[in-house]
Amino acid sequence: MTPRSAQLIDGANQALASAQRELEAGDLDGAAERACVAMLRLAKACLDVDGVSAGPAMAVCSEYGQRFVQTGLMYSAYFRWLLDAADLRKAAASDVAAPIDYDAAATVVERAEIFRDATTRFVARSAR
């Protein structure tokens, strides 16, 4: 695992801890935002394995999909979850979007945790 991958995974863990606290406190927009940040950091950690440094969120999503989903290196549902989290993040930031409900926020946090576990295993295996 590169120092950058480790840093990204640590940052994702911190974002997930914040997401869980915000979910428990009823800050559903905040929980969705932090879970999305965590997933983006995790996708960047995967990209780091290939020596790729992607910038904005959509670039990260696109590059992750091309390098890890289309090639079969990672489960395709993770890519869908990443895109869904990014959409939910946009909805949370938008004043005109319908409010995020508890189930949607809880789902994105749970998926981010699953994605973290898979990414951590993938990055550790790739370091060998």
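A crossing of two helices is left-handed if the near helix is turned anticlockwise from the far one by less than a right angle, and right-handed if clockwise. The crossing of H2 and H5 is left-handed. The model shown here is predicted: local features need pLDDT of at least 70, side-chain atom pairs count only at pLDDT 80 or more, and totals for chains, interfaces and linings use all residues. Residues are numbered from 1 along each chain as its sequence is written, and side-chain values use heavy atoms, with hydrogens and water left out.

**View 1. Helices H2 and H5 pack at an angle of about 20°.**
Helices (H or I, at least four residues) and strands (E, at least two) are DSSP runs, numbered from the N terminus. Two packed helices are described by the angle between their axes and the distance between the axes. Axes are lines fitted to C-alpha atoms, for helices over the stretch in contact, and angles run from 0 to 180 degrees between N-to-C directions. The axes of H2 and H5 lie 9 Å apart. H2 and H5 are therefore roughly parallel to each other; angles under 35 degrees count as roughly parallel, over 145 as roughly antiparallel, 65 to 115 as roughly perpendicular and the rest as oblique. Residues making the contact include Leu-42, Ala-45, Cys-46 and Val-49 of H2 and Ala-112, Arg-116, Thr-119 and Phe-122 of H5, where contact means heavy atoms within 4.5 Å. By class, this contact of H2 with H5 has 18 nonpolar, two polar and one charged residues. Ala, Val, Leu, Ile, Met, Phe, Trp, Tyr, Cys and Pro count as nonpolar, Asp, Glu, Lys and Arg as charged, and the others, Gly among them, as polar.

**View 2. Thr-119 and Phe-122 are found in helix H5.**
Helix H5 covers residues 102-126. Thr-119 counts as buried, at 0% relative accessibility, and Phe-122 is buried with a relative accessible area of 6%. Buried means under 20% relative accessible area, exposed over 50%, and partly exposed in between (1.4 Å probe, protein chains only). Leaving aside neighbours within four places in sequence, Thr-119 is in contact with Leu-42, Ala-45, Cys-46 and Met-74. With residues up to four places away in sequence not counted, Phe-122 touches Cys-46, Val-49, Phe-68, Leu-73 and Met-74. Phe-122 and Ala-112 are ten residues apart along the chain, and their C-alpha atoms are separated by 15 Å.

**View 3. Helix H1 packs against H2 at an angle of about 165°.**
H1 is made of residues 3-25, and its axis lies 8 Å from that of H2. That angle makes H1 roughly antiparallel to H2. H1 passes H2 in a left-handed crossing. The contact of H1 with H2 has 15 nonpolar, four polar and six charged residues.

**View 4. Helices H2 and H3 pack at an angle of about 50°.**
H2 (residues 28-49) and H3 (residues 57-69) have axes 10 Å apart. H2 and H3 are therefore oblique to each other. Their crossing is left-handed. Among the residues making the contact are Leu-40, Ala-43 and Cys-46 of H2 and Val-60, Tyr-64, Arg-67 and Phe-68 of H3. The contact of H2 with H3 has nine nonpolar, no polar and three charged residues.

**View 5. Asp-50 forms a salt bridge with Arg-67.**
Side chains of opposite charge can pair when their charged atoms come close. A salt bridge is a side-chain nitrogen of Lys or Arg within 4 Å of a carboxyl oxygen of Asp or Glu. By this rule the count comes to five salt bridges. In the pair of Asp-50 and Arg-67, the closest N and O atoms are 3.4 Å apart. Asp-50 lies in the loop between H2 and H3 and Arg-67 in helix H3, so the pair ties together parts that are 17 residues apart in sequence. Asp-50 counts as partly exposed at 39% relative accessibility, and Arg-67 counts as partly exposed at 30%.

**View 6. Arg-80 and Asp-84 meet in a salt bridge.**
Their side chains come to 3.0 Å, N to O. Being four residues apart in helix H4, Arg-80 and Asp-84 are separated by about one helical turn. Arg-80 is partly exposed, with a relative accessible area of 42%, and Asp-84 is partly exposed, with 31%. Ala-93 also lies in helix H4 (residues 76-93), and Ala-93 is exposed, with a relative accessible area of 62%.
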